[in-house]
Amino acid sequence: MKKILYSFLMGVVALGFNACIDIDNFDEPAASVHGRLIDTTTGENYMTDQGDVHIRIWEKSYSTNPTPQDLAVKMDGSYNREKLFAGTYDMLPYDGSWWPCDTTFDVPIGNTNHAEKDFKVTPYLKIKDFKAELIHNEKTEMDTIVFSGRLFAPITRNLPQVLEIRPFLSINQYCGASNHLDYYYSNDYRINVRQDWSRLGDMETGEGAKTYTIKCPVKKGYTYWCRMGANVRDTNQKFNYSEIVKIEVPQN
């Protein structure tokens with residue numbers, strides 16, 4: 001009798017457990033979107049650092065107050081995201097060093113096509129005439145890379161205060177505020193500007209009045225990827241960058 005009662009109770013428990021299991025009938029996310037950030041001053045891709053800026057998206061198909069998601073932008077200004085749910089999204093270039101952008105509403109992203117969406121951004125600053133030149137010294141264990149460049153402001157009116165100019169050095173092709181050698185991020189190698197544009201350049205043309213120079217000692221026998229960056233006093237304080245220059249330092 002006890003065995004019968006025990007078997008009956010175990011059967012009831014098993015049925016109750018199965019009743020608590022919800023069956024997931026949703027298909028796996030299969031939609032995707034790609035595109036690029038376009039620099040309005042050049043018509044080319046916006047130069048950034050790997051993982052430094054994002055595209056923020058909100059899926060509006062199923063909620064009026066959705067949780068935002070961030071799509072990482074690559075160093076070359078492009079982005080690509082797979083495994084999204086098909087639907088309608090609001091999209092916004094997010095947390096970069098550019099003038100505020102408007103949100104793009106109701107972007108359709110479906111399962112049957114690889115949606116493409118580009119965004120135009122206007123950087124706060126540009127670095128013109130950038131150079132990274134190696135000075136070789138046979139008598140010491142260190143050589144020197146000399147960074148130089150001047151600033152250009154595409155829009156001068158209401159430009160936030162320019163904060164600083166920094167060199168960025170890396171031992172791989174990823175180079176910028178998110179990927180750099182920490183040694184050169186110290187205050188010893190930065191130019192502390194902290195001035196309004198009216199004291200730095202022409203308010204009409206946006207051309208900077210000064211060429212900035214920074215010298216960085218480097219080890220012999222190494223290869224460095226180098227660029228220069230400048231930022232302004234906005235919420236993010238991210239950097240606008242020069243192009244990247246590869247420098248091979250000879251062993252002897």
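Predicted model: local features only at pLDDT ≥ 70, side-chain atom pairs only at ≥ 80, totals over all residues.
In what order do three strands form an open sheet?

View 1. The order is 9-10-13, and the pairing is antiparallel. Strand 9 and strand 13 are the edge strands, each with a single partner, so one side of each has no neighbour in the sheet. From one strand to the next, the twist averages 15°. As a handy reminder, strands of a sheet pair through backbone hydrogen bonds, either parallel or antiparallel.

**View 2. Strand 9 meets strand 10.** Look along this pair: the two strands run in the antiparallel sense and are joined over eight bridges. To find your place, pick out Glu133, which stands opposite Val146 in strand 10.

**View 3. Here is the largest nonpolar core.** It has 31 residues, and Leu125, Ile145, Phe147 and Leu169 have the most contacts inside it. Two or more residues come from each of strand 9 (126–135), strand 10 (142–152), strand 11 (162–170), strand 12 (191–195), strand 13 (207–219) and strand 14 (223–232). Which strand gives the most to this core? That is strand 14, with five residues. In soluble globular proteins, nonpolar side chains tend to be buried together.

View 4. Leaving aside residues up to four places away in sequence, Leu125 touches Phe152, Ala153, Pro154, Leu159, Val162, Trp197, Ala230, Asn231, Val232 and Asn240.

Note on methods: Residues numbered from 1 in each chain as written. Heavy atoms only, no water. Core = buried A, V, L, I, M, F, W, Y, C linked by side-chain atoms within 4.5 Å. Buried < 20%, exposed > 50% of the residue type's maximum accessible area, 1.4 Å probe, protein only. Helix = DSSP H or I, 4+ residues; strand = E, 2+ residues; numbered from the N terminus. Contact = heavy atoms within 4.5 Å. Pairing = 2+ DSSP bridges. Axes fitted to C-alpha atoms, helices over the stretch in contact; angles between N-to-C directions.
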